[in-house]
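Here's a quick briefing to read alongside the model. Have the sequence open next to the 3D view as you go.

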Amino acid sequence: MDMMKMMGQLQESQRKVEEAKNKMQQEYITEKSSDGSLEVTVSKAGRVKDVNIGQDLLQDNEQLADYLILTLNKALEKAQTAYDGELENIARSSMPKLPGMGF
């Protein structure tokens, strides 16, 4: 494979990764607590966008804290999985085929 073509493919791959990262800042995942009294929305880039707290949770600080931790962690896990998956797809589809690489 010629070096110029490989460099061009690497630059194209880098451009696609940057586009995907920017796009994932605007794509959201919403997660609810098991009873639906808490809802959080995070971007696929891992930023919290919104938190909706049911009135009943506002009366119980300990339960609210537990729900926030559990629900935010679930949402952020899903966001990270989506983020990693999209970047992996870009790498598989656009990286040059190099000897010894598993793509």
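Lys74 sits at 39% relative accessibility, so it counts as partly exposed (buried is under 20% relative accessible area, exposed is over 50%, and partly exposed is in between, using a 1.4 Å probe and protein chains only). Its salt-bridge partner is Glu31, with the closest N and O atoms 3.7 Å apart (a salt bridge puts a side-chain nitrogen of Lys or Arg within 4 Å of a carboxyl oxygen of Asp or Glu). This pair ties together distant parts of the chain, with Glu31 in strand β1 and Lys74 in helix α2, 43 residues apart. Glu31 is buried, at a relative accessible area of 9%.

This is a predicted model, where local features need pLDDT of at least 70 and side-chain atom pairs count only at pLDDT 80 or more, while totals for chains, interfaces and linings use all residues. Residues are numbered from 1 along each chain as its sequence is written, and side-chain values use heavy atoms, leaving out hydrogens and water.

- The structure holds ten salt bridges.
- Glu12 pairs with Arg15, and their closest N and O atoms are 2.3 Å apart.
- Both Glu12 and Arg15 belong to helix α1, three residues apart, or about one turn of the helix (helices are DSSP runs of H or I with at least four residues, strands are E runs with at least two, and both are numbered from the N terminus).
- Glu12 is partly exposed at 31% relative accessible area, and Arg15 is partly exposed as well, at 37%.
- Glu88 bridges to Arg92, with 2.8 Å between the closest N and O atoms.
- Those two are four residues apart in helix α2, about one helical turn.
- An α-helix has 3.6 residues a turn, so residues three or four places apart point the same way.
- Glu88 comes out partly exposed at 40% relative accessibility, and Arg92 does too, at 44%.
- Lys23, Glu27, Lys44 and Glu86 are linked in a salt-bridge network.

**Helix α2**

- With 34 residues (61-94) at 1.5 Å each, α2 should span 50 Å, and its end C-alpha atoms are 49 Å apart, which agrees (the expected span is 1.5 Å times one less than the number of residues).
- Its buried residues include Leu64, Tyr67, Ala75, Tyr83, Glu86, Leu87 and Ile90.
- What covers them includes α1 (3-24), β1 (28-32), β2 (38-43) and β3 (48-53).

**Strands and hairpins**

- β1 and β2 run antiparallel, joined by five bridges (strands pair if DSSP finds at least two bridges between them).
- Thr30 stands opposite Thr41 in β2, and Thr41 in turn stands opposite Asp50 in β3.
- Five residues separate β1 and β2 in their hairpin, and Gly36 in the turn has a positive phi of about 80 degrees.
- β2 and β3 also run antiparallel, with five bridges between them.
- Their hairpin has four residues between the strands, and Gly46 there takes a positive phi near 90 degrees.
- Five of the six residues of β2 are buried, so this strand is largely enclosed by the rest of the structure.

**Nonpolar surface patch**

- Val48, Val51, Ile53 and Leu58 make up a nonpolar patch on the surface, with about 290 Å² of accessible area together.
- Patch members have over 30% relative accessible area and no salt bridge; like charges are joined within 9 Å, and nonpolar side chains (Val, Leu, Ile, Met, Phe, Trp, Tyr) within 5 Å.
- The areas come from the Shrake-Rupley method with a 1.4 Å probe, and for residues only the protein chains shown count as cover.
- Ile53 lies in strand β3 and counts as partly exposed, at 35% relative accessibility.

Definitions and conventions
Contact means heavy atoms within 4.5 Å.
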